[in-house]
Amino acid sequence: MATALLRREGRRFATLMAPNPMNTLRSSLIASSEDQTAFGVRSISTQIVRTRMKSVKNIQKITKAMKMVAASKLRAIQVRAENSRGLWQPFTALLGDIPSIDVKRNIIVTVSSDKGLCGGINSTSVKISRAVAKLNQGPEKETKFVILGEKGKAQLVRDSKKKIELSATELQKFPLNYTQVSVLADDILKNVEFDALRIVFNKFQSVVSFLPTVATVLSPEIIEKEAEAGGKLSELDFYEIEGGETKSEILQNLSEFQFSCLLFNAVLENACSEQGARMSAMDSSSKNAGEMLDRLTITYNRTRQAAITTELSEIISGAAALEK
């Protein structure tokens, strides 16, 4: 401190002896302000680093808690999703799945989540939906969207707002059962006209991986037309129809039941993928926060050590000057 005072007094004395006092006075004021800034920067930077470390620690606590919550939800949903696979598999064996079928009226049902912080599952569903819509474009074709989930709606409304027929949110606010999904499927079938329903969702494989999937449900008219044309659906003619229902009524019931079963499985599979992706995302965020804390701790220690070293050198210099 004594050395700093001597420097300031020396600068003031030099301004009186200089040939151009105004220029020297300006330089002395700039130098003194730089000295004051230098002293202030050390204390302020240490405080900023400490505040940043505190905020990173709080974020790390939140990400770890979110990972634990996602893990508990995943265990509850995974069993139900695996059990629901037995609902749609008989329909695939009976009616098949023809994703490349060319029809005029396509309805794309995009299954997404209501909340974020779950990696790229929502972006993947939206990209696949846009790709399917692009593949089924044509002069005499019509493609519409039915969106389940807030995140998918927020992305598709940007460029396909006029093509959105229906949207539903907060599906996973309460534990879903087949009755609720069948009511939703019935509302969709009543409000849209279609030749093919294409359900886009993320099929759960493991905690760290999911498979983007497109499941196709044909209308009864298209099923009957394809059965007459041959192929997999032609095997329907070998089945006997009992009761008073006609073949068209049987196909109508099969198509509606197939859509509700596929939609139920798609919602559960996507919910599993969401929780697994959220676990991975929160685990990565916690690790990144830990690495950032390590770097901030090193920066804080170095800054604090530099400030202490500077103060000790000033004290020693001042004491040496007083002894002279």
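Analyst: Happy to. The second largest cavity is lined by Val-111, Ser-112, Asp-114, Leu-148, Gly-149, Leu-171, Gln-172 and Val-267. Please keep in mind that this is a predicted model. The space inside this second cavity comes to about 40 Å³. Sorted by class, its lining has 4 nonpolar residues, 3 polar ones and 1 charged one.

Val-111 belongs to strand β1, which covers 105-111, and Leu-148 belongs to strand β2, which runs over residues 142-148. The sheet itself is open and has 5 strands, in the order β3-β2-β1-β4-β5, with mixed pairing. At its edges are β3 (164-168) and β5 (209-218), each of which pairs on one side only. From one strand to the next, the twist averages 20°. Helix α3 (residues 121-135) packs on this sheet and touches β1, β2, β4 (196-206) and β5. The direction of α3 makes about 150° with that of β4.

β2 and β3 pair in the parallel sense, over 4 bridges. As a general point, strands of a sheet pair through backbone hydrogen bonds, either parallel or antiparallel.

Besides lining the second largest cavity, Gln-172 is among the residues that lie nearest the centre of the largest pocket, together with Lys-73, Lys-115, Lys-173 and Gln-275. That pocket has a volume of about 520 Å³, and 24 residues line it. Helices α2 (21-95) and α7 (247-323) each supply at least two residues of the pocket lining, and α2 gives the most, with 7 residues. The lining of the pocket divides into 12 nonpolar, 4 polar and 8 charged residues. Val-267, from the lining of the second cavity, sits within the span of α7.

How many cavities of 30 Å³ or more does a search of the whole structure find? There are 2. The largest cavity has a volume of about 70 Å³, and its lining is made up of Leu-95, Gly-96, Asp-97, Ile-98, Thr-216, Val-217, Leu-218, Ile-223, Leu-233 and Gln-258. Strand β5 brings the largest share of that lining, 3 residues. By class, the lining of this largest cavity has 6 nonpolar, 3 polar and 1 charged residues.

One last stop takes us back to strand β1. Arg-105, in β1, forms a salt bridge with Glu-193, and their closest N and O atoms are 3.2 Å apart. Glu-193 is in the loop between α5 (178-191) and β4, so the pair links distant parts of the chain, 88 residues apart. A search of the whole structure finds 11 salt bridges.

Terms used: Residues are numbered from 1 along each chain as its sequence is written. This is a predicted model: local features need pLDDT of at least 70, side-chain atom pairs count only at pLDDT 80 or more; totals for chains, interfaces and linings use all residues. Side-chain values use heavy atoms; hydrogens and water are left out. Two strands pair if DSSP finds at least two bridges between them. Axes are lines fitted to C-alpha atoms, for helices over the stretch in contact, and angles run from 0 to 180 degrees between N-to-C directions. Contact means heavy atoms within 4.5 Å. On a 1 Å grid over the protein atoms alone, a cavity is a set of points where a 1.4 Å probe fits but cannot get out, and a pocket is an open set with protein on both sides within 12 Å along at least five of seven lines; lining residues have an atom within 4 Å of a point. Grid points are joined across faces, edges and corners, and a volume is the space filled by probe spheres set on the points. Ala, Val, Leu, Ile, Met, Phe, Trp, Tyr, Cys and Pro count as nonpolar, Asp, Glu, Lys and Arg as charged, and the others, Gly among them, as polar. A salt bridge is a side-chain nitrogen of Lys or Arg within 4 Å of a carboxyl oxygen of Asp or Glu.
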